[in-house]
Amino acid sequence: MELAKRLDGIGEYYFSQKLGEIDELNKQGNNVINLGIGSPDLPPHPDVIKTLQQESSRADVHAYQPYKGSPVLRRAIRDWYKKWYDVELNADTEILPLIGSKEGIMHICMTYFQEGIGVLVPNPGYPTYSSAVKLSAGTPIYYSLLEENNYHPDFTEIEKIVESSPSKVTGIFVNYPQMPTGQLPTRKMFEDIVHFAKSNNLLVIHDNPYSFILNDTPMSMLAVKGAKDYVIELNSLSKSHNMAGWRVGMLCADKQRVDEVIRFKSNMDSGMFLPVQLAAAKALSLDKDWFEQLNGVYKKRRAKIFQLLDAMNCVYSNNQGGLFIWARIDEQFRNCYECSDFILHNSYVFVTPGGIFGSAGEKYIRVSLCATEGKIDEAINRITK
């Protein structure tokens, strides 16, 4: 049977392939240290796990759940957005819980994009943006994020891209704190993005899962005046609350947008397991101490990763947010893939080649903070040798 044409140009996710190669090296006894994937290795707060245990033992929580999620979770998301971002949301109409924010990317693309539509995608940026646009039959159109511009969008360049595009451009993906570069947002940049969207009648999809990691001032684009007219914001508990495997995310937007996305989502899945939603609500109620403790761990790890990058003669910024460090490779390597493979097969340490995030990343690598200080020390020793 032939594959559907929508899969043309859609390959297996890079990490899915690479983990197979790493598994073969491990079977040969090489014990690869994986500093590639940003899957938190720390547990959620004990009270969150306790809530899941207690709620799942009840007899009345195992039925199908509403497509819009539990009111308890929606109210918790509303309160969380107000407390940390100073954003007012209506829990009944402007919040849609998701089974991880990654599904939200797909739902948005299938709701709004189609053949003949162009969507602006950052280069470098999260590969799923491109693949989701392609699966919707839309066309990803790349705009560059450059180190010399602090990885901020160049709106003069983007304006030219929009004007010259053979497709009608109706959307733009943005992501700050930015993955993979770690660039933190500014209020002015968010205002500029909203202004650009208004001037060009664009839907902005802001992917915001990293705002609490190594960042003292979490920001939401929805805090910008008038943003709800143009912005859908995705968020997640995966990174901020160590709940990646729980698959809890959220879509926040104007009521019309939420209703439109539900038209697609309700045909794809049902609501998530209620005890997971109630435990997620508990996680969202955690106070500042939780984030300070979490970031205390990541700060120590980041200092170690800087040592590792120094051993590799890489160049990097000390002021990066999120779960990764982005670094320019030593000039002895032709590109990031050669650098990554050299480290993997000579030191048995895996770092992510920046080129998987777009052509603008081909002289960079991305290193994860999701490993213990002991593992990072061992990686430093191996690379130094």
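Select Arg-247 to begin: at 31% relative accessibility it counts as partly exposed (buried is under 20% relative accessible area, exposed over 50%, partly exposed in between, with a 1.4 Å probe and protein chains only). You'll find Arg-247 in the loop between β7 (231–236) and β8 (249–252). Its phi is near 60°, a positive value in a residue other than glycine. Most residues other than glycine have a negative phi, and most peptide bonds are trans.

A quick note before moving on: this is a predicted model, where local features need pLDDT of at least 70, side-chain atom pairs count only at pLDDT 80 or more, and totals for chains, interfaces and linings use all residues. Residues are numbered from 1 along each chain as its sequence is written, and side-chain values use heavy atoms, leaving out hydrogens and water.

Next, click Asn-201, in the loop between α7 and β6 (203–207). Asn-201 also has a positive phi, about 50°, and is exposed, with a relative accessible area of 61%.

Now go to the loop between β5 (168–174) and α7 (187–200), where Pro-177 sits. The peptide bond from Tyr-176 to Pro-177 is cis, with omega near 0°. Pro-180 is in the loop between β5 and α7 too, and the bond from Met-179 to Pro-180 is cis, with omega near 25°.

Finally, zoom out. The protein chain has 12 helices and 13 strands; these are DSSP runs (helices H or I, at least four residues; strands E, at least two), numbered from the N terminus. Of its 385 residues, 56% count as buried. The C-alpha trace spans about 60 × 55 × 50 Å along its principal axes.
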